[in-house]
Amino acid sequence: RQAEASVKEKEEWNTGQGFLKWESCFDCGQDFHGPVRLALGWAAWKTYVGRPDTDRFRSASMATLGAALCENERPEEAHPVLEASLALKRRYFSDKSILGAQSSLANCLSILGRHDEA
């Protein structure tokens, strides 16, 4: 199964889309927004959730879902997703991805009115 996922990942990268297929339209390049972004955030998460914690697509799908929930006025649901995303990035990934996850979480906390935690 892991080898199959690896082959599929390489095929996705060769299309020029890779993970971007979950974030922007391949035809016009416009970023998805609103309910479409939320639906694709869930679809991305469901696609990659079975992969190991160290998989970059799994990590990116979690961040995408959290951002989509927040954008769609569901910050209460986004908060635990973004917390988990930050914890995952702190454990396995680089400083750059950690800063992005911290920023997303701070934005969500601010929307929730928890400015002291942001």
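Helices α4 and α5 are roughly antiparallel to each other (the class for angles over 145 degrees, where under 35 is roughly parallel, 65 to 115 roughly perpendicular and the rest oblique). The model is predicted, with local features requiring pLDDT of at least 70 and side-chain atom pairs pLDDT 80 or more, while totals for chains, interfaces and linings use all residues. Residues are numbered from 1 along each chain as its sequence is written, and side-chain values use heavy atoms, with hydrogens and water left out.

Helices (H or I, at least four residues) and strands (E, at least two) are DSSP runs, numbered from the N terminus. Of the 118 residues in the chain, 35% are buried (buried is under 20% relative accessible area, exposed over 50%, partly exposed in between, with a 1.4 Å probe and protein chains only). Among contacts with a separation of 6 or more, 50% involve residues 24 or more positions apart, a contact being heavy atoms within 4.5 Å.

Helix α4 spans residues 75–92 and helix α5 residues 95–111; the two pack at about 160 degrees with their axes 9 Å apart. Axes are lines fitted to C-alpha atoms, for helices over the stretch in contact, and angles run from 0 to 180 degrees between N-to-C directions. The crossing of α4 past α5 is left-handed (the near helix is turned anticlockwise from the far one by less than a right angle; clockwise gives right-handed). On the α4 side the contact includes P75, A78, H79 and L82, and on the α5 side S97, I98, A101 and Q102 are among the residues involved. By class, the residues of this contact are 10 nonpolar, five polar and three charged. Here Ala, Val, Leu, Ile, Met, Phe, Trp, Tyr, Cys and Pro count as nonpolar, Asp, Glu, Lys and Arg as charged, and the others, Gly among them, as polar.

Helix α4 also packs against α3, with axes that come within 8 Å and cross at roughly 155 degrees. The pair α3 and α4 is therefore roughly antiparallel, and its crossing is left-handed. Residues of α3 including M62, A63, L65 and L69 meet residues of α4 including A78, V81, L82 and L88. This contact of α3 with α4 has 13 nonpolar, three polar and three charged residues.

The loop between α3 (56–71) and α4 contains E73. Phi of E73 is near 60 degrees, a positive value in a residue other than glycine. E73 has 72% relative accessibility and so counts as exposed.

Four aromatic pairs are found in the whole structure (ring centres of Phe, Tyr and Trp, the last by its six-membered ring, within 6.5 Å; planes under 30 degrees apart are stacked, over 60 edge-to-face and the rest tilted). In the pair of W22 and Y48, the ring centres are 6.2 Å apart and the planes at 85 degrees, so the pair is edge-to-face. The partners are 26 residues apart, W22 in the loop between α1 (2–14) and α2 (34–48) and Y48 in helix α2. W22 is buried at a relative accessible area of 11%, and Y48 is buried at 0% relative accessibility. F19, W22, Y48 and F57 form one aromatic cluster. Beyond its neighbours within four places in sequence, W22 contacts F32, L40, A43, A44, T47 and Y48. The C-alpha atoms of W22 and L38 are 9.9 Å apart, at a separation of 16 residues along the chain.
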